[in-house]
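Here is a short briefing on one protein model.

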Amino acid sequence: MKKILFFSLVTLSLRLSAQEVFNYDELKVGNLPLPAVLTPAVKNAADWQRNRRPEILRLFTTQMYGVFPGKPPHMHTQVQLVDSNALGGKAISKQVRLFLAAGDQAPFMDILLFLPKESKKPVPVFIGCNFLGNHTVSGENNILVKKVAHPVALGFQERRWEVARLIENGYALATYHYGDLEADSTDGWKTGIRTTLQQELKTAPDAWAALSVWGWGLSRLLDYLETEKAVDAKRVIATGHSRLGKAALWAVANDPRFAAVISNNSGEGGAALSTRWYGETIERINTRFPYWFTDAYKQYNKKPETLPFDQHMLLALIAPRPLYVASATEDLWTDPKGEFLAARAAGPVYALFKYEGVGVSEMPAPDHPVGKRIRYHVRTGKHDILWYDWEQYIKFANEELP
């Protein structure tokens with residue numbers, strides 16, 4: 001009996017020692033050097049665009065997110081519902097089904113678009129994936145409700161989108177449910193577009209991962225917006241919160257048509273540096289969500305110090321377009337300081353284009369945004385997107401979009 005107890009305790013001890021430990025102490029973070037975003041051969045913006053940028057994009061493609069296919073042939077739309085008096089008469093809402101291949105049985109994504117009703121010219125647009133279905137973005141009672149994995153009430157996440165206030169400020173909003181393309185689960189690829197569109201896209205399911213799929217959907221949403229006369233398709237701002245912030249960053253890194261990108265609390269695998277041992281780690285995210293990234297990324301689970309890239313290089317791929325990175329004080333899992341440091345470290349690439357980055361060397365106080373072409377703030381509060389965040393994003397778009 002004593003031997004059994006002894007071996008049980010030893011086994012438990014070994015298991016505990018094998019478990020990953022999470023750090024929230026800046027004194028224990030370490031000082032791993034960041035991979036260089038620029039090389040001596042990069043003298044100007046042309047060198048960056050011609051040589052270094054493709055090298056970095058290839059690293060993220062082959063080692064982390066996977067491929068980002070182009071527009072599939074035979075896409076077509078079906079207007080489902082138009083409301084010319086949405087939001088108390090201030091907006092026009094359109095609900096459109098975008099089929100991603102030929103025929104009305106093809107895979108599709110349902111788009112919800114709100115437009116300012118009184119605008120006399122094409123308007124800029126904030127776009128993003130939503131987590132729980134289009135009907136959760138607004139409380140308008142004519143928004144079509146589709147069966148989703150976790151049914152929730154109409155307007156359940158309305159405060160995260162602030163549609164009425166965006167309309168009042170002259171912006172449109174467009175969104176789609178990320179589950180339309182792939183369920184957020186280990187087996188999601190089996191019924192998602194990685195399988196159902198692999199012939200049209202000529203892309204094997206394991207050549208890309210879920211985050212790339214969801215980001216790809218933003219590019220297809222942009223394809224649709226290019227056909228909308230009321231929209232200024234050259235001023236489309238991709239946004240994303242949490243995992244969908246990761247997807248937005250990857251979409252804009254791949255698609256030069258996007259005018260700007262906003263990463264809200266995107267954390268590990270998004271805007272936060274992976275070589276910092278703070279909060280979520282590569283190993284944890286690859287273990288908990290093994291389908292978000294390609295299998296190649298798992299080789300860095302226990303050795304982030306061997307990464308040939310880090311997330312400041314992803315942010316640099318956005319240059320010279322406007323970039324906003326936002327954190328929250330209580331959201332330590334996403335490493336707010338790591339997000340700031342990544343945004344700061346992308347600055348030298350923006351400087352090649354004569355644009356100013358975050359403009360400070362130290363992380364700013366809460367609720368004190370910094371920067372110009374690259375902006376950053378850490379908002380007081382939890383992992384969320386609030387009106388305070390949207391206020392900054394509207395001001396950012398007003399000042400930085402042409």
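pLDDT is the predictor's confidence in each residue, from 0 to 100. The protein has a mean pLDDT of 94, and 95% of its residues reach 70 or more. Over residues 1-18 the pLDDT is below 50, and this stretch has 0 contacts (heavy atoms within 4.5 Å) beyond near neighbours in sequence.

**Basis**
- This is a predicted model: local features need pLDDT of at least 70, side-chain atom pairs count only at pLDDT 80 or more, and totals for chains, interfaces and linings use all residues.
- Residues are numbered from 1 along each chain as its sequence is written, and side-chain values use heavy atoms, with hydrogens and water left out.

**Helix 9**
- Helices are DSSP runs of H or I with at least four residues, and strands are runs of E with at least two, numbered from the N terminus.

**Trp250**
- Trp250 lies in helix 9 and is buried, at 0% relative accessible area.
- Beyond four places in sequence, its contacts include Leu57, Phe60, Tyr65, Ser212 and Leu314.
- The C-alpha atoms of Trp250 and Arg321 are separated by 14 Å.

How values were computed: Buried < 20%, exposed > 50% of the residue type's maximum accessible area, 1.4 Å probe, protein only.
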